[in-house]
Amino acid sequence: MASVYASGGIFALSLFFVIDAASFSRSNLNASDFHVTFVDWIPLICAVLGMLVINSIDKTRLGGDSFSYSGNGVAWKARLILFLGFALLAGGLAGSITVLVLKYVMRDVGWPTLWFGVAGVFGSAGVMASSTLLWVAQNMEDEYTYNLAL
Amino acid sequence: MALAGLKTIIALSFVLAIGFLLVILSAALWKNYLTLLVVLTYVVAPLPNWLCGRAANYDDFVDGGGAGVVDLGRFLTGFFVVTGIAMPALFAHCGLINSAAMVMSIIGGLLIYGTIISFTMFFQEEEEF
């Protein structure tokens, strides 16, 4: 129960890292020529989409032993969609590291500007941690209600 | 909960007033009213929990499908609480507000949210079936 709250909190925190980088780039404190553009947002968007995909799968269908829905390959299809979601999530993290390296580290920028890339990495990693926490919590809760129903 | 007397109400209203005082001072001292957004965040924060709890009550024993809605409410509540802390920090980091205003608005917002939470804990009506 508490981990669902924590998951929402981590999600908000990771969103605010990227928003902070974007608004810092527009503020008066940014003395460099670098600005946060749409490229910096793409990894976060991928990670959030992956989180949506993962959490919209009904977890009882992953086991493959549910009789309620017809069709042979339901569990297989659900696992494919799940793989797609995890790939989006990991792709978001990898993409944010790519943006950090290619856009900021390779051009030898100093610290206040380097934060734009680091914030992107923190954001994607935070979305990943949040969805992992939510996944574990919901699986535990499902187990609990199952035992209760029996 | 046990009997919540008059003293609890008085103490809670004092804490709420101090919280509002801190947030309003943090806005008015520097003539920068961005920190008032914290109050909005913390007032909105308990709402998803209440709404989703009420929505899940109806079919709780029928098919157990209400757990997802309750989880969504908790997720959104956690989201708003952390937003209330992170937003002043963002403003201070980007030079929009003073850092003293940040500290005052965070403490004031936490006091307001704590008041709301403890009020619902003390004065929760017991459900009857």
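Biologist: What does buried mean here, and what do exposed and partly exposed mean?
Modeller: Buried is under 20% relative accessible area, with a 1.4 Å probe and protein chains only. Exposed is over 50%. In between, the word is partly exposed.

Biologist: What kind of model is this, and how are residues numbered?
Modeller: This is a predicted model, where local features need pLDDT of at least 70 and side-chain atom pairs count only at pLDDT 80 or more. Residues are numbered from 1 along each chain as its sequence is written.

Biologist: Which residues of helix H2 of chain B are buried?
Modeller: Helices are DSSP runs (H or I, at least four residues), numbered from the N terminus. H2(B) covers residues 37-44. Its buried residues are Val38(B), Val39(B), Thr41(B) and Tyr42(B).

Biologist: Within what arc do the buried residues of H2(B) fall, seen down its axis?
Modeller: The arc is taken from the directions from helix axis to C-beta atoms. The buried residues line one face of H2(B), because they fall within an arc of 160 degrees.

Biologist: How many aromatic pairs are there over all chains?
Modeller: Rings of Phe, Tyr and Trp (its six-membered ring) pair if their centres lie within 6.5 Å. Planes under 30 degrees apart are stacked, over 60 edge-to-face, the rest tilted. Over all chains, the count is eleven.

Biologist: Are the rings of Phe17(A) and Phe122(A) stacked, edge-to-face or tilted?
Modeller: Their centres are 5.4 Å apart. Their planes stand at 55 degrees, so the pair is tilted.

Biologist: How many residues apart in sequence are the parts that this pair ties together?
Modeller: Phe17(A) lies in helix H1 of chain A, and Phe122(A) in helix H4 of chain A. The parts are 105 residues apart.

Technical notes
Chains lettered and ligands numbered in written order. Heavy atoms only, no water. Helix = DSSP H or I, 4+ residues; strand = E, 2+ residues; numbered from the N terminus.
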